[in-house]
Amino acid sequence: MNKKILSAALLALVMVAGAGCGQKPAGAPAQQEAARQPDDTSVNAAQPDQTDADEHGGVQETQEGKEAEPNQEGKADEPGKPNKPGQNAEHASEQKQTIEVYYTDPEELELKKSEKEIKFAKESDKYAAAFKALQESGDANLIPLWGKMELKSLEFKNGMVTLDIHMPNEARLGAGGEQFALDALTKTLFQFKEVESIELLVDGQKLESLMGHMDLDHPIKRNGN
């Protein structure tokens, strides 16, 4: 009987000891999990700081990229556009002068005087501008006598204006018209004091008569006109 009680007591002690040993492994993982949690929390807390740093870094890169873009307002002037300083210089060199120009009436009965403003860049161009004024009046009552003539060249040298013209058939006039044409030319050019004579050529030739009616001198000299 005593042996049975002793055996039962030993068996109970073994069971209690076994139960205690079985509980320890089960508690160890819980302790390990609790020990890991603070480490995991510290890692997670550091992540927002890293994200903020990335965001700030991205903003800085964007701003730097914008600053690196070229300024569109600073584009160079487009080619082909005129230079304003050059234009001002050109207009400043242009000269103007009001002169007397001669035409005829629609019936070609008399010579008509009119005043016109001519423009020229240099002094030697003044006589070509005066001849051009003889070719157009801008008034229906003033008929140009040289309107259909073609000026091939004009030169001023040693007091003489040399004109070389081409005369189409439609530019020819009658006797009265031819005389008016020569008078209009001489009166217009001789108003310039430096002009002493006029040499009039037709296609480079010295003709005896401009249109076949009146004699043509070579050169035509100033006679108090």
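The conversation below concerns salt bridges in this predicted model.

Biologist: How many salt bridges does the structure hold?
Modeller: The structure holds seven salt bridges.

Biologist: What about Lys112, which side chain does it meet in a salt bridge?
Modeller: Lys112 pairs with Glu110, at 3.1 Å from N to O.

Biologist: Is Glu110 buried, exposed or partly exposed, and what is its relative accessible area?
Modeller: Glu110 is partly exposed, with a relative accessible area of 40%.

Biologist: Moving on, which side chain does Arg222 meet in a salt bridge?
Modeller: Arg222 forms a salt bridge with Glu196, and the N to O distance is 4.0 Å. This pair links distant parts of the chain, 26 residues apart. Glu196 lies in the loop between helix H4 (175–189) and strand E5 (197–202), whereas Arg222 lies in the segment after strand E6 (220–221).

Biologist: What are the relative accessible areas there, starting with Glu196?
Modeller: For Glu196 the value is 44%, which is partly exposed. Arg222 has 25% and is likewise partly exposed.

Biologist: And Lys206, which partner does it have?
Modeller: The side chain of Lys206 meets that of Glu199 in a salt bridge of 3.9 Å, N to O.

Biologist: Is Glu199 buried or exposed?
Modeller: Glu199 counts as buried because its relative accessibility is 7%, and the cut-off is under 20%. Lys206, by contrast, is exposed, with a relative accessible area of 56%.

Biologist: Which residues do salt bridges that share partners join into one network?
Modeller: Glu123, Lys126 and Glu194 are joined in that way.

Notes: Residues numbered from 1 in each chain as written. Predicted model: local features only at pLDDT ≥ 70, side-chain atom pairs only at ≥ 80, totals over all residues. Heavy atoms only, no water. Buried < 20%, exposed > 50% of the residue type's maximum accessible area, 1.4 Å probe, protein only. Helix = DSSP H or I, 4+ residues; strand = E, 2+ residues; numbered from the N terminus.
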